[in-house]
Amino acid sequence: MVNEKLPKTTAEFETELIEIRHLFHQFPELSNEEFQTTASIRKLLLEADIEILDLPLKTGLVAQVSGNKNGPVIAIRCDIDALPIQEQTQLSYKSVNDGIMHACGHDFHTTAVLGSAFLLKQNEECLAGTVKIIFQPAEESGRGSLHILETGVLEEVEAIFGLHNSPSLPLGALGTRSGPFYAAVDRFEIEIKGAGAHAATPEKGTDPIVIAAQIVSSLQTIVSRNISAFDQALISVTQLTCGNTWNVIPETAYLQGTVRTLKAETRKLILDRIRQLSSGIATAFNASAEISFSDGPSAVYNDSKWTDFAFNVAEASGFITEEIPPELIGEDFSDYQKHIPGVFVNIGTGTPYPLHHPKFTVDDNILLKTAHYFAILAEAALHELTTG
Ligand code: NI
């Protein structure tokens, strides 16, 4: 009779992880709706006898593995949600949830970090402290990071580590950088109030379309004329809506877009300039502009000590390490970094389609290695905090 308690071989463990990932992939759920995903994670953790903390979270959870209970506390974070995209792969385990897809590889992150939790649990008596393992909901939309932080579960955490897969990095490479890594993400909306008129008598109205056009052009001068050429920032106007026919000057125009920055002072300067230019131009044309901003996450900013540390552990774990340039995408991992020093790394998968593409895939061949990496990183970080 087979003894079920016999330790698994590496190959068996890898097969198990791949099967788990395929299941997550098959049943993706949108931000803040990850009920089944959370239940599956919970079940797998409980089967491995891993403690799950009792927290008021609708979806997502935080688990913990402790060695020395008086030792330091660190955290590993992954995200668990999927995107409103219709999957176009031919995978045997493609999404069965219509219009929802793990097109950002959060199924990979979840499984790799689950794997780390299993490995840490096997080795728990050797841990110099506690590892909190965050399965965060709603990274794509909803700032799930804030739900986790609001529980207070991370108050004692001294260092935090997170990951994202990267199709553009080769398989087996680990990339990150010290300092700003991903951008602060802001959304702006501008409503211009003019005065409608017959298209044949524009002098009797205030044409908001002409004003909107001036604003769109002027916003482009902010990056080119107000920001140093050595700084990085981006403004994209992505929507301009006004009018509904050919012979009427409309009363209002609406435009919106996004600002991406790597430094807090650049972010402030750009938001101030958007406000000044929009209201100044509207006033100059005898109209008014209502401007609003919705704050997204701030820039992911990697702590230099922990970045070096993460690189060193990666090299020792057989990854090819690469210092990679910052990107102007966003990540709510930055919310944790406002309170806790840490590092966010990219795991190369060398796959053909970019993140959020309907044919996006990850490479299962790097799953086990990533699980091992985060387990070793956590163990080493606790040791570092104890002795360092
Ligand atoms: Ni993602």
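Before anything else, a definition: the domain bounds I use come from an automatic or database domain assignment. The model is a predicted one.

For this protein chain, the assignment gives two entries: domain 1, made of 10–182 + 299–387, and domain 2, which is 184–295. Taken over C-alpha atoms, the centres of domain 1 and domain 2 are 38 Å apart. Nine residues from domain 1 and nine residues from domain 2 take part in the contact.

Next, the area. The size of an interface is often given as the accessible area lost when the parts come together. Here domain 1 and domain 2 bury about 670 Å² between them, and 68% of that is on carbon and sulfur atoms.

What holds for polar and charged pairs? Between domain 1 and domain 2 the count of salt bridges is zero. One residue pair is in polar contact between domain 1 and domain 2, with both residues at pLDDT 80 or more. On the side of domain 1 that touches domain 2, the residues divide into six nonpolar, one polar and two charged.

Last, the cysteines. How many disulfides does a search of the whole structure find? The search finds zero.

Terms used:
Residues are numbered from 1 along each chain as its sequence is written. This is a predicted model: local features need pLDDT of at least 70, side-chain atom pairs count only at pLDDT 80 or more; totals for chains, interfaces and linings use all residues. Side-chain values use heavy atoms; hydrogens and water are left out. A disulfide is a pair of cysteine sulfur atoms within 2.5 Å. Contact means heavy atoms within 4.5 Å. Buried area is the accessible area (1.4 Å probe) that two parts lose on being put together, summed over both. A salt bridge is a side-chain nitrogen of Lys or Arg within 4 Å of a carboxyl oxygen of Asp or Glu. A polar contact is a pair of N or O atoms within 3.5 Å; within protein, one must be able to donate a hydrogen and the other to accept it, and residues adjacent in sequence count only if both atoms are side-chain atoms. Ala, Val, Leu, Ile, Met, Phe, Trp, Tyr, Cys and Pro count as nonpolar, Asp, Glu, Lys and Arg as charged, and the others, Gly among them, as polar.
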